[in-house]
Amino acid sequence: MHIHVKAPVLTKCPKCGKPVLPHVVCLNCGYYKGAEVIDVLKKLDRKERKKKEKEIEGKEEKETAKKPLSWEGLSKK
Ligand SMILES: [Zn+2]
């Protein structure tokens, strides 16, 4: 007897890095395919909003920091 349980395949939200269902709006940051679909910050009160903004921005910074950008190139000036 074989029971195949299909686990939901999660992908990573490109915006905030949270695991999300593919083809579904990320409920954490409200982004889908690179565009903001839900204004998740609107629902939150000020304190929560700041926290969330930080969370999302922090992830973005990390992503850009990954790029092999050119400290060497800069210092060679
Ligand atoms: Zn997200």
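Me: How many salt bridges does the structure hold?
Reply: The structure holds 1 salt bridge. This is a predicted model, in which local features need pLDDT of at least 70 and side-chain atom pairs count only at pLDDT 80 or more, while totals for chains, interfaces and linings use all residues. Residues are numbered from 1 along each chain as its sequence is written, and side-chain values use heavy atoms, without hydrogens and water.

Me: What makes the pair K18 and E55 a salt bridge?
Reply: The term needs a side-chain nitrogen of Lys or Arg within 4 Å of a carboxyl oxygen of Asp or Glu. For the side chains of K18 and E55, the N to O distance is 3.7 Å. That value is within 4 Å, so the pair counts as a salt bridge.

Me: Which parts does this pair tie together?
Reply: K18 lies in the loop between strand 1 and strand 2, and E55 lies in helix 2 (residues 46–66). The pair therefore ties together parts that are 37 residues apart in sequence.

Me: Why is K18 called partly exposed?
Reply: Buried means under 20% relative accessible area, exposed means over 50%, and partly exposed is in between (1.4 Å probe, protein chains only). K18 has 34%, so K18 is partly exposed. E55 has 30% relative accessibility, so E55 gets that label too.

Me: How do you know which residues are the protein donors of the zinc ion?
Reply: Donors are N, O and S atoms within 2.8 Å of the metal (3.2 Å for Na, K and Ca); water is not among the atoms, so sites may look incomplete. The SG atoms of C13, C16, C26 and C29 lie 2.2 to 2.3 Å from the zinc ion. Those distances are within 2.8 Å, so these atoms are donors. Their spacing in sequence is C-x2-C-x9-C-x2-C.

Me: What makes the arrangement around the zinc ion tetrahedral?
Reply: Four donors count as tetrahedral if all angles lie between 85 and 135 degrees. Here the 4 donor atoms subtend angles of 106 to 116 degrees, so the arrangement is tetrahedral.

Me: Which parts do C16 and C29 tie together?
Reply: C16 lies in the loop between strand 1 (11–12) and strand 2 (19–20). C29 lies in the loop between strand 2 and strand 3 (31–32). So the pair ties together parts that are 13 residues apart in sequence.

Me: How do you know whether C29 is buried or exposed?
Reply: The relative accessibility of C29 is 1%, so C29 counts as buried. C16 is buried as well. C29 touches C13, K15, C16, I38, V40 and I56, leaving aside residues up to four places away in sequence. A contact means heavy atoms within 4.5 Å.

Me: What is said about the phi of H23 and K33?
Reply: H23 has a positive phi of about 65 degrees and is not a glycine. K33 is also a residue other than glycine, with a positive phi near 55 degrees. Most residues other than glycine have a negative phi. H23 lies in the loop between strand 2 and strand 3, and K33 in the loop between strand 3 and strand 4 (35–36). With relative accessibility of 67%, H23 counts as exposed. K33 has a relative accessible area of 70% and is exposed too.

Me: Where is V5, and why is V5 called exposed?
Reply: V5 sits in the segment before strand 1. Its relative accessible area is 71%, so V5 is exposed.

Me: What is the pattern of the protein chain along the sequence?
Reply: The pattern reads β-β-β-β-α-α-α. That gives 3 helices and 4 strands. Both are DSSP runs, numbered from the N terminus: helices are H or I, at least four residues, and strands are E, at least two. Of the 77 residues in the protein chain, 16% are buried.

Notes: Four donors count as tetrahedral if all angles lie between 85 and 135 degrees; four count as square planar and six as octahedral if opposite donors are over 155 degrees apart and all others between 65 and 115; anything else is irregular.
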